[in-house]
Amino acid sequence: MIVIIGNGISGVTAARNIRKKSDDAITIISSESKYFFSRTALMYVYMGHMTFEHTQPYEPHFWEKNRIELLQNHVESIESNKKELRFSDGSKMKYDSLIIATGSKPNKFGWKGQDSKRVHGMYSKQDLENIEKSTKGIASAVIVGGGLIGIELAEMLLTRNIEVHFLVRDNGFWSEVLPSQDSQLIMDHLEKHHGLRMYYETELDEVVTNENDEAIGVITKAGRKIECQFVGLTAGVSPNIAVIEGSSIESNRGILVDRFLRTSEADIYAIGDCAEFREPLPGRRPIEQVWYTGKFMGEVVSETITGSPRQYNPGHWFNSAKFFEIEYQTYGDVRAILAEDEEEFVYRHATEDVLLHFVFEKESHKFIGINNFGIRMRHPVFNDWLLNNATIEEVLSNLKSANFDPEFYTKYESEVVAEFNQKFGASVAVNAPKWWQKIISH
Ligand SMILES: Cc1cc2nc3c(=O)[nH]c(=O)nc-3n(C[C@H](O)[C@H](O)[C@H](O)COP(=O)(O)OP(=O)(O)OC[C@H]3O[C@@H](n4cnc5c(N)ncnc54)[C@H](O)[C@@H]3O)c2cc1C
């Protein structure tokens, strides 16, 4: 009997892939919802673009057909010596192998009023339902924390004509991740949004509440009062590991795993947002909290559990997101602050929200990574450049092949390359011989 705690992308991917290779009984447990849904699509439910049912990738009969039991219940604790789970309703369940895929939870930093009414994170189905109730008919909201989820919440609230006061701790938007030029592009873009009021270098001190314990405003650490009827807490997320409390499973911020996603206890694995690698992979973080890494960990653990042990080795980092209208992708390693042996080349269009941020090695000119905004680039092409140690010159001269929208480069390509040539005294030509195409066609 294989039991999986968590029906997010990690747990569900593990279950689907185990079923392809094994006839073992599989049960997925979640306290959040019976059926798997796309967490990344929650915002579109609020904005009226889809119903909650539309976020569920599989019809209910899929689970029956694949003999995957679904149980909506909350696991209170794990007794690994008895191979048993204990639920909050007092019931118990045995397992042979256990996969913990319990995801993340929104950060709260002990602010006064953080658990009051009309104060919510934006993570779960229940958060969405609470946000829906709390923001009905209100005029203004405060969002605390300027990352990707904060910007989604801002976009959601603006569609209901709610004035949004957005508190960002640092002096730039998402500046612990984005280099300053990239952060500036987003900040300039946010300025254009009517109804969005940005407060940089501003931290929450407390949530002010009325006699019914409902949020009616916030006070910042600098003593500024902002009135509102809703507070969104989006200051990052942390691994949700409450389920292992009191067990002998080792943890740090997340549940500690090796490259095979094995925890410190026999037959117990951890995957997705809740897992932390004892030894992070080169160029990657110990905790990876994005959709595709959870999916990949689910695939990898399914092989180990079905008898073909496999190590997690996802290759070069990539990610994508949207800041209102601006699409963002990152491939390879672009840090907020350049390392000493790194060089950068940043192209920003004079009037449009388009920016390409290339990073390469100072000495060898080996390409290290790119952040691209306002234009979509092809993942396989960049992956091949990174795998094949392409130089920045090779990348730039062949950039056309990485582009999703060929019109973009008929418009800007020569400008990007000319700027690079001028800045670095180089003579890169556009459309040089396409040596990489042989690789990607295989
Ligand atoms: C609003 C939002 C937008 C996002 N957008 C993007 C994006 O655009 N791109 C991207 O790559 N990533 C995005 N992410 C991150 C991405 O959604 C997560 O990395 C991913 O969903 C994590 O999957 P998971 O399977 O590890 O955990 P989760 O999806 O969190 O699933 C874990 C499940 O386990 C359940 N659970 C936890 N403890 C217990 C227990 N004790 N008993 C029973 N059940 C339990 C939880 O209730 C939950 O249902 C976004 C996240 C949010 C919140």
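Predicted model: local features only at pLDDT ≥ 70, side-chain atom pairs only at ≥ 80, totals over all residues.
I sorted the residues of the shell around the ligand first, and they divide into 10 nonpolar, 16 polar and four charged.

**Entry 1, the ligand.** Which residues come nearest to the ligand? I found S10, E32, R39, Y123 and D273, out of the 30 residues around the ligand.

Q289 uses its backbone instead of a side chain: one of its polar backbone atoms is 3.3 Å from an oxygen atom of the ligand.

How much of the ligand does the protein cover? On its own, the ligand has 1000 Å² of accessible area, and the protein covers 90% of that. I then checked which elements give two or more residues to the shell, and found α1 (9-21) and α5 (148-158).

I turned to the largest nonpolar core, which has 48 residues. Which members touch the most others? They are I78, L85, L98, I99 and I100.

I picked L98 and listed its contacts, leaving aside neighbours within four places in sequence. They are V3, I5, I78, L85, D267, I268 and Y269. Two of these, I78 and L85, are also among the core members with the most touches.

D267 came up among the contacts of L98, so I looked up its backbone, because most residues other than glycine have a negative phi. D267 is not a glycine, yet its phi is positive, about 65°. Where does D267 lie? It is in the loop between β18 (255-257) and β19 (268-270). Its relative accessible area is 32%, so D267 is partly exposed.

N389 is another such case: a residue other than glycine with a positive phi, near 50°. I found N389 in the loop between α8 (379-387) and α9 (392-397). Is N389 buried, partly exposed or exposed? Its relative accessibility is 45%, so N389 counts as partly exposed. I checked the cut-off: exposed would need over 50%.

Technical notes: Residues numbered from 1 in each chain as written. Heavy atoms only, no water. Core = buried A, V, L, I, M, F, W, Y, C linked by side-chain atoms within 4.5 Å. Buried < 20%, exposed > 50% of the residue type's maximum accessible area, 1.4 Å probe, protein only. Contact = heavy atoms within 4.5 Å. Near = heavy atom within 4 Å. Polar contact = N/O pair within 3.5 Å; in protein donor to acceptor, adjacent residues only side chain to side chain. Areas by Shrake-Rupley, 256 points an atom, 1.4 Å probe, with all protein chains shown as cover. Helix = DSSP H or I, 4+ residues; strand = E, 2+ residues; numbered from the N terminus. Nonpolar A, V, L, I, M, F, W, Y, C, P; charged D, E, K, R; others polar.
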